[in-house]
Amino acid sequence: DGCGHTVLGPESGTLASINYPQTSPNSTVCEWEIRVKPGQRVQLKFGDFDIDDSDSCHSSYLRVHNGIGPTRTEIGKYCGFGFQVDGLITSKSNEVTVQFMSGTHTSGRGFLAAYSTTDKSDLITCLDNASHFSEPEFNKYCPAGCVIPFADISGTIPHGYRDSSSLCMAGVHAGVVSNTLGGQINVVISKGIPYYEGSLANNVTSKVGPLSTSLFTFKTSGCYGTLGMESGVIPDSQITASSILEWSDQTGQVNIWKPENARLKRVGPPWAAFISDEHQWLQIDLNKEKRITGIITTGSTLAEYYYYVSSYRILYSDDAQKWTVYREPGTDKDKVFQGNTELYQEVRNNFIPPIIARFFRINPLKWHQKIAMKVELLGCQFSIGRAPKITMPPPPPRNKNDNKNDDLSDDLIHSVKTSLQTDKTTFTPEIKNTTVTPSVTKDVALAAVLVPVLVMVFTTLILILVCAWHWRNRKKKSEGTYDLPYWDRAGWWKGMKQFLPTKSAEHEETPVRYSSSEISHLRPREVPTMLQTESAEYAQPLVGGMVGTLHQRSTFKPEEGKEASYADLDPYNSPIQEVYHAYAEPLPITGPEYATPIIMDMSSHPSTPLGVPSISTFKAAGNQVPPLVGTYNKLLSRTDSASSAQALYDTPKGQLGPGATDELVYQVPQSVTHSTGNKDE
């Protein structure tokens, strides 16, 4: 009388003390005898262990034995509150006896344990949930019997289950493992969702759950698609029934609830049987063999007609003549599926292993008021390799003594047929693409490898070229602002000087240079003005017309000796030292360097007396006007066809001292009749 929840499967199972997880009653006893296939051994794992040890395991304990019966030998005796058993308890044979004794005690939940054959090294118990494992994906083996009343799950497929849900119980709800057989699960952990729906599936009720940090789903074969009831792929002519409900309402309208109305989520009335008894059925012809993995059912879905089927059987056939009732492996009883508990809710049941058949029947066993339902089948296409044809030599001429040989031949043929039929229903083939020949398949596989490799190689080359181009640009930008470009060195200049006109002695040039370290601290120089210096290498202003390319002088004069350093001394304090600014802007081809003289006809203007000093049109940097040196500056004039007289810039109005800060205002240039070619003093 001390046995609690117990499911003993052929390869795994679950057992618990009476009243678990509440306190077990006093003075109770239970023994479980576990057998697996010969040649295998049994391993036992505890999910929870809480047995009173106040009397040192004398009256309350759990004892495990090798073998069954009087020849059994003890493996161990266990007791204690919250006792932790390290690892698995393994037997030496294929038989194990578990004995639970409960004496006088005031507390203690008892125990819950799972067992399996030793080849299931990743065995877990029905109490393990996703939060017990840190891996994002893992495989575990669930024992049989994990549909327990004291465990909860929240969620459903395909959205996922809350992380607090029992892994194995959720696996049964999802249709991944069978409650009577157990099985392997492949779990994937992902981010949680705010709300978990509840549903009824495989006799497991999932509750509505709140937000959680994570959830888990199961990897499956993917054979859970709809087979065509809802979508209409299955035509009306392939849906039949044992009887049809036909009746007239109060208005005299005739209502016929035909079999083709039994389509899930179809608006309107369902299929209903004319007579409500256990001999009614709804039949679906799939047109060819399909792999059927599950079924979803609802009631009438009409509020005024509260009809639904609460339990049913499943039958299947290949020819609609010989029918087989669905049973779970290892059992000799027909499996009864739990149906609906009300008329709206969708209830799912899965077939483990799946059904392979063309004709499918639903046989209602229990119902509410009347037999009425809507259904959808789950599964996928079924394809199997054709069995090779058996060729036998022609039989020899018959003799009277050949009866024994004929019987042997008939037995052989019957054995082959039976073998093929058995393979057809139990063998799970590997689905391949039969439309591609093997040679093409090899070419496709080779191309699938080569194409990504070539793409990666070309992509790498392109990236290398782009990086090299960017590196080169960055190197150019990182060169000093006042450094000479690599192509503007003295060697290149010497090679190009032969194409330029030679300089005359009278036009010996004094280049103007600036130190890069002092470029931002320029100030007025106490030196003669630009007009007094000898001509620099800057191009002279164009008097008129176009100048040939060979006679145009560049404003660049590269260093022929030592390169100028950024740390050169101030050139204004060392006028003899030559400092060169490498980046003097070249002059435009047609524009003069100096301001263009104003040409006007001033025949009526009074002559300006000679000897009046002229003012340079150049304004020194800063506010101080540079001192005037010399009486006249040499000015260039533009020849004009209308006047042959030379023009000079006029003197500014008033005599301005060296320290004047006002802007200079120039008068109209005067026409002179005498020569202005005096040399500067």
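A: Two strands are said to pair if DSSP finds at least two bridges between them, and strands themselves are DSSP runs of E with at least two residues, numbered from the N terminus. This is a predicted model, in which local features need pLDDT of at least 70 and side-chain atom pairs count only at pLDDT 80 or more, while totals for chains, interfaces and linings use all residues. Residues are numbered from 1 along each chain as its sequence is written, and side-chain values use heavy atoms, with hydrogens and water left out.

The part to look at is strand S8, which covers residues 95-102. Strand S8 pairs with S3 in the antiparallel sense over eight bridges, and in this pairing Thr28 stands opposite Ser102 of S8. Strand S5 is also joined to S8, by six bridges, and these two strands again run antiparallel; here His65 has Thr97 in S8 as its bridge partner. Six of the eight residues of S8 are buried (under 20% relative accessible area, with a 1.4 Å probe and protein chains only), so the strand is largely enclosed by the rest of the structure.

Turning to the side chains, ring pairs link Trp32, Phe46, Phe49, Tyr78, Phe100 and Phe111 into a cluster. Rings of Phe, Tyr and Trp (its six-membered ring) pair if their centres lie within 6.5 Å, and planes under 30 degrees apart count as stacked, over 60 as edge-to-face and the rest as tilted. By this rule the model holds 21 aromatic pairs. In one of them, the rings of Trp257 and Tyr307 have centres 6.0 Å apart and planes at 55°, so this pair is tilted. Trp257 belongs to strand S20, whereas Tyr307 is in the loop between S22 and strand S23, so that the pair links parts of the chain 50 residues apart. Both of these residues, Trp257 and Tyr307, are buried. Tyr312 and Phe337 form another pair, with ring centres 5.8 Å apart and planes at 15°, so it is stacked; Tyr312 lies in strand S23 and Phe337 in strand S25, 25 residues apart, and both are buried.

How values were computed
Buried < 20%, exposed > 50% of the residue type's maximum accessible area, 1.4 Å probe, protein only. Helix = DSSP H or I, 4+ residues; strand = E, 2+ residues; numbered from the N terminus.
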